[in-house]
Amino acid sequence: MLYAVKTALFVIALLITSITDLKSRTVPYTACLLIAGAGLIHFSPAQLWGLLLAPPFYLASGFDRGCAGDILLVAASSFVLGLKPGAVGLILGLSCFVLYCLAAAVVRKIKKCGNTPVSYPLAPFLAAGFITAYFF
């Protein structure tokens, strides 16, 4: 029963995060708290190793406030999954993101649209990767 609650909380919070990021390009901190709360259900100290996946995102942001929501999303999701499944989810999500960016660049090139978007929402891709890793 508790595992079903954990799964539902994790998936619903990731879906909310994805929708919010698509609409407003922000990641809600409350959804990250819900994800971390899901990690407290059936907690294991080994889950804490998953938090090691978040600092590279902080370093990549240049110690800036930008991408703070994505950093918290990676930290909370990898806390739920642990180190190895968290890394798998992160690799899956970032691979999908790179493929999407490449496809968008090809489409822009074919349509001869010179304007490259300033940014793309990352949370939907991360959510897809983390949800996939959760069920494997």
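Modeller: With its neighbours within four places in sequence left aside, Thr 7 is in contact with Tyr 134 and Phe 135. The model is a predicted one, and Thr 7 lies in its helix 1, which covers residues 2-24. One of these contacts is also polar: the side chain of Thr 7 meets the side chain of Tyr 134 at 2.8 Å. Thr 7 has a relative accessible area of 13% and therefore counts as buried, the limit being under 20%.

The two partners of Thr 7 may be taken next. Tyr 134 is buried as well, because its relative accessible area is 11%. Phe 135, by contrast, has a relative accessible area of 54%, which is over 50%, so Phe 135 is exposed.

The aromatic rings deserve attention here. The structure holds 8 aromatic pairs. In one of them, the ring centres of Tyr 134 and Phe 135 are 5.3 Å apart and the planes stand at 90°; an angle over 60 degrees counts as edge-to-face, so this pair is edge-to-face. Ring pairs also join Tyr 134 and Phe 135 with Tyr 3 and Phe 10 into a cluster.

Another of the 8 aromatic pairs consists of Phe 97 and Tyr 120, which are edge-to-face with 6.5 Å from centre to centre and 80° between the planes. This pair links distant parts of the chain: Phe 97 belongs to helix 5 (residues 83-111), while Tyr 120 sits in the loop between helix 5 and helix 6 (123-135), and 23 residues separate the two.

Not counting residues up to four places away in sequence, Phe 10 touches Ile 35, Ala 38, Ser 77, Val 80, Leu 81, Phe 130 and Tyr 134. The largest nonpolar core has 29 residues, and those that touch the most other members are Phe 10, Leu 14, Ile 35 and Leu 73. Two or more residues of this core come from each of helix 1, helix 2 (29-39), helix 4 (68-81), helix 5 and helix 6. Helix 6 gives the largest share, 8 residues. In soluble globular proteins, nonpolar side chains tend to be buried together.

Ala 127 touches Leu 14 and Ser 18, residues up to four places away in sequence not being counted. Ala 127 and Phe 10 are 117 residues apart along the chain, yet their C-alpha atoms are separated by 9.8 Å.

A word on confidence may close the account. The mean pLDDT of the protein is 88, and 95% of its residues reach 70 or more. Among the elements, helix 6 has the highest mean pLDDT, 94, whereas helix 3 (residues 55-60) has the lowest, 82.

Key
Residues are numbered from 1 along each chain as its sequence is written. Side-chain values use heavy atoms; hydrogens and water are left out. Helices (H or I, at least four residues) and strands (E, at least two) are DSSP runs, numbered from the N terminus. Buried means under 20% relative accessible area, exposed over 50%, partly exposed in between (1.4 Å probe, protein chains only). A polar contact is a pair of N or O atoms within 3.5 Å; within protein, one must be able to donate a hydrogen and the other to accept it, and residues adjacent in sequence count only if both atoms are side-chain atoms. Contact means heavy atoms within 4.5 Å. Rings of Phe, Tyr and Trp (its six-membered ring) pair if their centres lie within 6.5 Å; planes under 30 degrees apart count as stacked, over 60 as edge-to-face and the rest as tilted. A nonpolar core is a set of buried Ala, Val, Leu, Ile, Met, Phe, Trp, Tyr and Cys residues joined through side-chain atoms within 4.5 Å. pLDDT is the predictor's confidence in each residue, from 0 to 100.
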